[in-house]
Amino acid sequence: MNITAKYISELLYRYECVIIPGFGAFLTKRQPASIQEFTHAFFPPQKLISFNSQLQNNDGLLANYIAQAENISYTDAVAKIQRYVLSLHNKIDQGKHVVLEGIGSFYSSTENTLQFEPSQEVNYLTEAFGLSSFISPSILREKQEIPVALSQVNRETYKEQVEALEETTPIAFTPEKRGERPYMKYAAIAIIALGIGGFLGLSKINSDNKTYNDNLIVEADNKAENRIQQATFEISSPLPAINLTTIKTEDTQLITNEDTSLLVKYHIVAGAYRIKANAKKKVQKLKALGFNSELIGVNKFGLHQVVYHSYAHRNEALLALSKIKKQQDSNAWLLIKEL
């Protein structure tokens with residue numbers, strides 16, 4: 001006995017799409033609760049079932065479910081589905097109505113197209129389990145009519161009673177006096193005072209921060225100026241001396257480097273200063289220490305250069321530079337320049 005329809009029905013509770021390979025797919029769509037106004041019928045929320053004959057590819061859902069339920073292989077389950085589909089097509093081709101219990105029925109129309117009518121017996125929405133549709137009779141409300149004469153008599157009676165009551169017990173309407181709350185006035189004053197105090201305190205903090213920042217800028221500028229005044233430029237690898245060999249045409253006498261080196265001046269630089277007065281002070285300090293210090297002009301940076309001593313020979317200048325670096329200033333350096 002083939003109970004494939006039962007398996008399909010069980011899967012419709014869990015999934016929105018159940019495909020029968022080679023036949024089509026059952027689709028479900030949630031519908032909210034509804035009321036038919038004319039019949040007074042109430043319907044709970046449910047899943048509406050539709051059929052799409054274009055979805056026929058095997059997604060494995062139905063075959064795996066049958067294989068697990070009947071403890072058979074996946075291949076056997078697929079074969080079982082194929083036999084079931086073949087039987088459905090044979091019955092429909094013969095013009096019979098094929099009923100899938102709890103799902104719906106299939107038949108072939110006059111245009112030879114497959115038609116599906118969903119069943120309304122089963123609600124596949126698990127949230128609405130136990131809820132069923134019902135019809136409520138309409139509610140009729142009766143209107144009581146009061147005779148006109150009686151209503152006029154009652155109105156006159158009420159009017160006379162009110163007038164008599166006003167004569168005996170006059171009603172005085174006095175405006176309602178709101179209770180005063182003096183503490184609210186003081187609370188408002190306190191809030192305003194706190195706001196003003198906070199504003200003044202914030203202004204004072206901002207003013208102090210601005211003054212502090214301005215002082216830092218001035219101090220930084222002064223330090224930078226002092227560093228520039230005392231800037232020292234050092235060349236770690238001085239340029240080597242150029243050895244020139246010249247041939248005198250008259251007596252072929254060679255002029256060696258010892259003869260031409262007197263044209264080159266080697267200066268041991270002590271520092272460079274933007275203000276000339278500071279440079280002169282440095283010269284006086286060095287002369288007091290026994291150096292033949294002097295100013296040798298302004299460099300390309302606009303600074304006045306002060307030297308410990310100037311030498312005519314490179315070796316002599318290097319020896320003096322080494323001694324000065326050890327004993328006086330490690331930042332001293334050698335400048336090669338003609339004066």
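1. A word to start with: contact here means heavy atoms within 4.5 Å. Please keep in mind that this is a predicted model, where local features need pLDDT of at least 70, side-chain atom pairs count only at pLDDT 80 or more, and totals for chains, interfaces and linings use all residues. Residues are numbered from 1 along each chain as its sequence is written, and side-chain values use heavy atoms, with hydrogens and water left out.

2. Let us begin with F106, which sits in strand 7 (strands are DSSP runs of E with at least two residues, helices runs of H or I with at least four, both numbered from the N terminus). Beyond its neighbours within four places in sequence, F106 is in contact with residues including F23, F26, F51, I92 and F116.

3. F106 is buried at 1% relative accessible area, because buried means under 20%, exposed over 50% and partly exposed in between (1.4 Å probe, protein chains only).

4. Now the rings. Across the whole structure, ten aromatic pairs turn up; rings of Phe, Tyr and Trp (its six-membered ring) pair if their centres lie within 6.5 Å, and planes under 30 degrees apart count as stacked, over 60 as edge-to-face and the rest as tilted. F51 and F106 make an edge-to-face pair, 4.8 Å centre to centre with 75 degrees between the planes. This pair joins distant parts of the chain, as F51 is in strand 5 (residues 46–52) and F106, 55 residues away, in strand 7 (residues 104–108).

5. F51 and F106 also belong to one aromatic cluster with F23, F26 and F116.
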